[in-house]
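My entries follow the structure below.

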Amino acid sequence: MATRADDQQTRNFAKVVPTNTYGQRFWAGASDLIGRKTRALVGTLPGLGFLRAGSGTPRLQTLTSKSEFMASWFKQPYGTPDKPSSIEEMPWDYIERYQAEIPFFGLREYWYPALESHSTNNEHKAVRLLGDNLVLFRDKDGSPCALENRCPHRSALLTLGEVNVWEVGTITCRYHGMTFNKHGDCVAFLSDGPDSPACGKVKATSYPAEEVGGIIWVYMGVADPKPFLESMPHAREVMHEGVRVRHRVTVPYSHLNQLDNTVDITHVGCLHRTCYLFGDQKMGGGIAYEELPGNGIHAHLRETGGHGGSKAIDEIRWFMPNLVHHGEEFMDGGVHGLWFWFVPNDAGSFTGWLIGSINERKVGKARAKMISAILGRALTSDSLPGMACFMGGDAPMQMSQGRIVRWDQEQLARTDRAVLKVRSMLKAAYKEEQALRVAKGSIHWRTVLHEPAIRPLELVDARMTRSTMPAKVVAKERVAPDIWSFVLEADERAFVPADAGSHIDVKLRSGLVRQYSLVREPRNGTYEIAVLREERGRGGSKELCDSVAVGDTLEISAPRNNFPLDQGRAHYLLVGGGIGLTPLLAMARSLHEQDRKFDFHICARTPEVLPFRVEIEHSAWADRVHVHYTGGNAPGRLDLPALLRATAPETQVYICGPKRMLAIADETTRDWRAGRMRTERFTPGDVVAAPEDQGSFDVVTARSGKRFQVAPDVSLLDALEQNGIVVDSACHEGTCGTCVTPVLSGELVHRDSCLYDDERESGKLMAICVSRAKPGTELVLDV
């Protein structure tokens with residue numbers, strides 16, 4: 001039942017924010033302003049001071065957009081009480097905490113507008129997109145080309161170079177004259193002479209580029225893209241022939257700030273109350289949404305209609321990666337299609353593009369040009385009363401939220417349902433992109449967590465997975481008689497997060513390269529590994545444990561994961577022994593943090609030799625741990641076959657330990673479905689090479705178009721390198737998975753310990769450091 005207080009609240013609401021027209025609101029605000037200014041001015045005259053009386057007394061005011069005030073605030077420098085410096089600072093702690101969950105740089109598997117066509121003809125142009133520095137130029141046929149703005153020789157900016165020196169459609173670095181075509185291939189190295197071996201081998205990173213509708217578009221992902229017009233929602237409407245709309249503005253805050261604004265229709269009647277485009281908008285109405293084909297949502301007022309006039313909106317259509325689409329319903333049917341697209345430059349700024357086509361046939365040429373001008377003024381104007389909807393409305397409001405809006409410090413309301421939906425869609429798409437980039441051997445990001453004023457955030461090039469980065473030993477601890485723990489602090493600009501099950505390569509001073517699993521998911525720029533010192537090993541573990549001290553610097557690779565933790569299983573069984581505990585410890589921590597059900601069985605000879613024993617016993621998941629001591633007549637010895645046979649079909653099993661443990665597990669689970677049990681080996685499996693499988697065979701490399709023969713005493717990996725095809729490798733024993741290569745056809749002889757049975761049976765992958773093809777046959781590799 002409505003109360004008197006409810007009635008009073010309703011009357012106040014109607015009085016403060018009446019549903020009326022833009023004209024009525026504009027003149028009400030103007031009349032109030034004129035009245036106050038007039039009274040203040042006239043009140044200075046003799047005998048009329050009473051008109052100024054009470055001017056300092058609090059009184060009711062009319063709610064307007066005050067676009068001039070807002071635009072003026074937007075242009076003010078930081079560092080005043082009205083505009084504190086704190087909102088200019090990058091929230092590095094927040095970025096670090098959520099960088100694996102939130103796409104601070106934007107989604108990458110999309111086309112993005114980079115430049116208007118007239119911006120580059122016989123010159124090159126620098127562009128920053130999604131944290132990448134790009135250089136754009138034109139090929140000899142006039143088509144656009146996009147390369148990373150970095151010469152791979154010595155990392156100088158290509159924009160300091162010259163285009164069309166070697167031939168039309170190339171760009172030459174001015175430092176040493178290394179020259180690249182549109183594909184990034186080195187076609188000349190002027191400083192090294194006409195016979196430089198760099199030609200055809202050195203390669204700059206290239207990006208797909210297209211020119212459509214007077215705009216150069218660049219694809220930022222690693223997948224093979226569809227043509228622009230076929231991949232973006234409503235592209236043909238927006239690029240329809242007509243009077244073009246092409247406006248853009250760059251602002252110093254995150255695209256995520258704008259993301260929330262795009263589907264938030266409830267702010268329109270408040271912030272844009274006296275903005276020309278939306279000045280008839282009612283206040284309130286509730287929010288609802290439905291998902292749309294093409295990765296979008298249709299957000300709308302629950303109670304549509306009832307506005308003061310036609311300058312209002314009931315609905316909005318948002319699509320990934322982060323754009324708003326308006327169709328024929330906009331501007332009284334005057335547009336074919338319109339995008340307002342929010343393109344990240346980096347984590348703390350974006351460029352807003354207004355792209356569209358006006359229906360000249362319907363509204364006439366003169367009105368079409370007027371509509372285009374109005375839309376441009378609404379985006380870029382910072383002073384024209386009633387027109388500064390963005391620079392005098394959305395932009396200053398979002399700037400006031402900080403460089404990156406903090407999703408972890410909000411108190412959201414029922415008006416934010418569509419906001420929460422697009423956030424979740426963006427996060428889910430980002431997670432899928434990460435998986436794709438991992439599968440293709442690419443890295444997602446590089447974050448700088450120290451000295452942010454000196455080094456900005458930048459994206460890591462995909463090839464970082466094939467190189468090393470410096471890492472300082474910041475801690476070394478003996479965690480068992482023969483096992484040492486090392487904490488390695490990676491270079492700030494190259495640190496890459498990783499999931500449980502990952503490992504890194506460590507390059508020692510002697511040149512040896514060894515792989516070590518991560519003990520925990522890396523955080524705060526550090527990786528932790530555990531190393532078993534083997535007196536009769538191959539020398540790597542002895543060198544690391546005996547010669548490396550705190551303060552030393554090692555070269556390490558970015559993390560790779562050949563032992564990933566599957567998500568969404570009902571239950572997990574972890575079984576580890578000895579140094580094999582290391583990847584499973586990371587998994588146990590991850591599963592506990594996710595509140596997943598698991599049991600962790602640990603085998604050790606005695607309590608004294610169990611690595612990380614104290615930490616395990618005092619962990620939050622200690623109740624999930626079952627320790628089995630095998631020394632002497634220990635009563636707790638693990639019956640692994642019985643444990644595995646008692647495991648429910650829906651349980652995912654992970655085992656890492658000595659050869660005998662893995663051999664028992666393989667024998668017990670021989671009849672299990674593929675993938676139900678996963679193992680990781682620290683030493684090669686016992687693979688016996690049959691003499692009849694050691695002969696020569698032919699190799700065809702599909703991508704590079706080469707054919708050669710592999711001799712009986714030469715590995716496939718070495719043969720590829722001898723023919724100019726370099727494939728990443730590390731262990732050379734078939735255990736780490738670094739060199740696993742796609743196979744298109746051939747009869748394979750697998751001798752590795754890193755592939756799963758189903759992967760071997762598929763015939764589509766092989767570890768080329770140890771595996772071969774049947775003698776006398778032809779092997780076709782996808783390299």
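**Entry 1: helix 3 and helix 11**

I looked up the crossing of helix 3 and helix 11 and found it left-handed; that term applies if the near helix is turned anticlockwise from the far one by less than a right angle, and right-handed if clockwise. I note that helices (H or I, at least four residues) and strands (E, at least two) are DSSP runs, numbered from the N terminus. The model is predicted: local features need pLDDT of at least 70, side-chain atom pairs count only at pLDDT 80 or more, and totals for chains, interfaces and linings use all residues. Residues are numbered from 1 along each chain as its sequence is written, and side-chain values use heavy atoms, with hydrogens and water left out.

I recorded an angle of about 45 degrees between helix 3 (residues 67–75) and helix 11 (residues 390–399), with the axes 8 Å apart. Axes are lines fitted to C-alpha atoms, for helices over the stretch in contact, and angles run from 0 to 180 degrees between N-to-C directions. Helix 3 and helix 11 are therefore oblique to each other (angles under 35 degrees count as roughly parallel, over 145 as roughly antiparallel, 65 to 115 as roughly perpendicular and the rest as oblique).

I then listed the contact (heavy atoms within 4.5 Å): helix 3 contributes S67, M70, A71, W73 and F74, and helix 11 contributes M391, G392, G393, A395, P396, M397 and M399.

**Entry 2: helix 7**

I checked burial next (buried means under 20% relative accessible area, exposed over 50%, partly exposed in between, with a 1.4 Å probe and protein chains only). In helix 7 (residues 255–262), 8 of the 8 residues are buried, so this helix is largely enclosed by the rest of the structure. Among the elements that cover these residues I noted strand 17 (335–346), strand 18 (349–358), helix 11 and helix 12 (417–439). At the start of helix 7, I found a side-chain oxygen of S254 within 2.9 Å of the backbone nitrogen of L256.

Leaving aside neighbours within four places in sequence, N261 is in contact with H267, D394 and Q398.

**Entry 3: L292**

I located L292 in strand 13 (residues 287–292). At 24% relative accessibility, L292 counts as partly exposed. Its contacts, leaving aside neighbours within four places in sequence, are I297, H298, R317 and F319. I also noted that the C-alpha atoms of L292 and W111 are separated by 19 Å, the two residues being 181 residues apart along the chain.

Note on methods. A polar contact is a pair of N or O atoms within 3.5 Å; within protein, one must be able to donate a hydrogen and the other to accept it, and residues adjacent in sequence count only if both atoms are side-chain atoms.
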